[in-house]
Amino acid sequence: MSATTTTHDHAHDDPAHDHAHHEPGWLYKYIFSTDHKVIGVQYGLSGLLFLLFGFFLMMVMRWTIAYPGVPLPGIEFLSGLPVIGDVVVHWTERWAPGGIVSPDLYNMFGAMHGTIMVFMGIVPLGFAAFGNYVMPLQIGAIDMAFPKLNAWSFWLFFIGGMLMMASFFLPTGAAQTGWTNYSPLATTTHYIVKNTWLTGQTWWLAAMVFVISSSLLGSVNFITTLLNLRARGMTFFRLPFFCWAMLVTSFLLLLAFPPLEVAAILQLFDRVFGSSFFLPSGLIQGGKLLDISGGGSPLLYQHLFWFLAHPEVYVLILPAFAIISDVIPCNARRPLWGYKMMVYSALTLGFLSFLVWAHHMYLTGMGTTMATYFQITTVLISVPSVILLTCLMISLWGGSIRFNTQMLFATAFLPMFGIGGLTGLPLAFSFIDLHLHDTYYVIGHFHYVVAPGTIFALFAGVYHWFPKVTGRFMNDTLGKFHFWPSLLFMNVIFGPMFVQGFSGFHRRWYDGGKAFEATTKDLLWTNELISFGAWGLALAQVFFIVNLWLSIKGGKKVTNDNPWDATTLEWCTPTPPGHGNFITEPVTYRGPYEYSVPGHATDFTPQFDGQASGASAPATAPAVASHH
């Protein structure tokens with residue numbers, strides 16, 4: 001197969017691609033599909049919708065922070081709409097009387113913003129969507145190892161997401177105790193009600209059980225697929241870094257999520273069955289001593305939560321690095337610098353992520369010896385992160401860079417993630433964290449990592465693989481109108497938060513600190529600045545939404561299967577790939593980043609090109625397995 005591939009006129013009834021399967025009906029082809037590509041698209045669309053909804057919650061929060069006591073704009077308009085008008089009126093009477101955001105509503109939106117963005121937006125989009133669609137193609141597999149398990153994984157996630165959304169319409173509203181859901185507050189909220197099953201806190205826990213189970217099924221599937229279904233010649237060090245990052249992410253999910261699932265189940269028992277795993281004795285609520293058995297440990301919940309939640313940070317970051325490691329070499333026309341170093345750094349990052357969780361818990365009265373241990377491990381884990389970032393930066397050096405939309409997002413990811421990482425280093429030290437904990441400094445640090453960091457990488461991935469998924473390009477001009485305002489407004493939002501944090505602005509002030517105006521008045525104007533940045537960022541996403549929607553059917557058609565002149569195996573499949581992915585058995589002849597190799601006729605030499613010079617005979621195993 002030559003380096004320049006042509007478009008295959010590919011259909012399911014193509015004799016050259018006959019796997020002796022019957023054509024499924026529409027329902028089983030697009031809804032209850034077991035095809036990894038359809039499931040990847042389902043995860044992707046679901047993740048984007050959840051990200052959009054989580055972003056909406058944040059914009060409402062930013063309104064009350066900037067303009068406390070001022071009615072939300074647009075409430076009267078929404079109230080007058082047919083069908084939904086009555087729902088809006090009823091809901092605002094309960095949670096935003098007169099259109100003014102109440103403290104309870106602020107707490108609810110804050111808790112659900114964090115939960116939805118992390119567990120239902122970024123992880124499904126970064127890990128499940130891109131991993132499901134791209135990873136099997138990159139290793140030369142015809143599907144995931146367990147296709148039905150893959151479908152179960154998506155539908156468990158979907159059920160969990162629907163439970164979360166439905167909880168907004170319960171009489172108690174959705175969860176209101178932060179995305180961390182700490183006991184005893186989370187356990188005893190709405191504790192004295194007629195039916196604790198019908199409370200937002202209980203539904204949050206039930207939804208998390210479904211979402212976590214979904215991730216566990218997915219991680220087992222990813223690991224099995226990567227280890228067993230690689231094409232001939234695809235040795236471990238011929239795997240694209242994308243696949244290595246997904247493998248490490250899978251192990252993080254597999255090992256870190258069970259403690260949180262246990263914590264959610266135990267807290268569920270505390271709420272509805274009267275146990276006290278996390279409830280200490282002597283709790284008083286509403287002036288009355290709670291009738292509970294007591295003897296539980298609130299700190300135990302925190303340990304279980306953060307043992308997941310810090311590896312979870314790398315579950316958010318590693319898929320971003322995976323995407324960037326494909327986009328940058330392809331558009332810089334340079335090999336990925338330090339490939340093996342990046343692989344070992346990702347493995348080290350995964351290992352160390354299990355040794356740092358309690359740096360989130362310095363305020364719990366941790367002893368100095370234990371605090372010193374977690375300070376050391378937290379500083380150590382920055383080393384592999386810096387190696388990954390440095391390798392990607394050096395990969396740009398001397399390149400013939402194509403500044404298309406995905407490359408703009410990829411290169412912007414590097415300094416944005418760098419800012420997020422550097423601002424996290426001071427928080428590693430307990431004597432600094434004691435002052436900055438729960439301030440806007442922490443919000444700024446974390447969001448620089450996951451917003452202009454991870455989310456920029458996810459956008460780069462959408463623009464990069466969209467032609468392979470749909471057979472059409474996204475509009476590059478609209479893409480640049482999406483990128484530049486997004487970069488500007490991301491920094492307008494999160495940059496001033498570091499100043500606010502140093503000045504003591506607390507993350508849970510629903511009025512933005514107006515109640516403490518005597519000490520915060522000099523910086524209250526930054527609340528409006530940040531809020532205007534958030535609304536500007538929302539407007540910038542209109543370009544992406546319009547571009548995505550119009551390009552699905554109206555985008556410029558690709559003229560060959562490898563429109564970016566890339567080197568990995570997914571670009572030798574038909575566009576879009578059909579059932580079974582490959583027309584002929586894929587064979588890997590070289591590493592994944594053969595760009596601008598001296599003496600080669602073109603500036604790229606794909607892994608699947610056996611005619612180019614330097615092609616080595618592949619091993620006979622592992623071979624692509626068949627599911628038929």
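This is a predicted model: local features need pLDDT of at least 70, side-chain atom pairs count only at pLDDT 80 or more; totals for chains, interfaces and linings use all residues.
1. Leaving aside residues up to four places away in sequence, Phe119 touches Pro124, Phe157, Trp179, Met208, Val211, Phe257, Leu260, Leu308 and Glu312.

2. How many disulfides does the model contain? The count comes to zero, and two cysteines show the reasoning, given that a disulfide requires sulfur atoms within 2.5 Å. For Cys330, the closest cysteine sulfur is that of Cys572, which lies 15 Å away and is therefore too far for a bond. For Cys572, the closest cysteine sulfur belongs to Cys243, and the distance of 13 Å is again too far for a bond. Both residues are covered: Cys330 counts as buried at 1% relative accessibility, and Cys572 counts as buried at 7%.

3. Helix α8 runs over residues 200-228, and its 29 residues reach 42 Å from the first C-alpha to the last, which is close to the 42 Å expected at 1.5 Å a residue. This helix is mostly covered, with 21 of its 29 residues buried.

4. Gln406 is found in helix α13, which covers residues 405-424. Is Gln406 buried or exposed? Its relative accessibility is 2%, so Gln406 counts as buried, the cut-off for that class being under 20%. If residues up to four places away in sequence are not counted, Gln406 touches Val327, Asn331, Ala460, Tyr463, His464 and Trp564.

5. The aromatic pairs number 58 by the rule applied here. One of them joins Tyr43 and Phe154, whose ring centres are 5.2 Å apart and whose planes meet at 85°, so the pair is edge-to-face. This pair links distant parts of the chain, because Tyr43 lies in helix α2 (residues 36-66) and Phe154 in helix α6 (residues 147-166), 111 residues apart. Tyr43 is buried, with a relative accessible area of 3%, and Phe154 likewise counts as buried at 3% relative accessibility.

6. Phe532 and Trp535 form another edge-to-face aromatic pair, with 5.4 Å from centre to centre and 80° between the planes. Where do these two residues lie? Both are in helix α18 (residues 525-554), three residues apart, which is about one turn of the helix. Phe532 counts as partly exposed, with a relative accessibility of 47%, a value that falls between the cut-offs of 20% and 50%.

7. The charged end of Arg94 sits over the ring of Trp95, at 3.8 Å from the ring centre. In the other example, the charged end of Lys340 sits over the ring of Phe237, and here the distance to the centre is 4.9 Å.

Key. Residues are numbered from 1 along each chain as its sequence is written. Side-chain values use heavy atoms; hydrogens and water are left out. Contact means heavy atoms within 4.5 Å. Buried means under 20% relative accessible area, exposed over 50%, partly exposed in between (1.4 Å probe, protein chains only). Helices (H or I, at least four residues) and strands (E, at least two) are DSSP runs, numbered from the N terminus. The expected span of a helix is 1.5 Å times one less than its number of residues. Rings of Phe, Tyr and Trp (its six-membered ring) pair if their centres lie within 6.5 Å; planes under 30 degrees apart count as stacked, over 60 as edge-to-face and the rest as tilted. A charge sits over a ring if NZ of Lys or CZ of Arg is within 6 Å of the ring centre and within 35 degrees of the ring normal.
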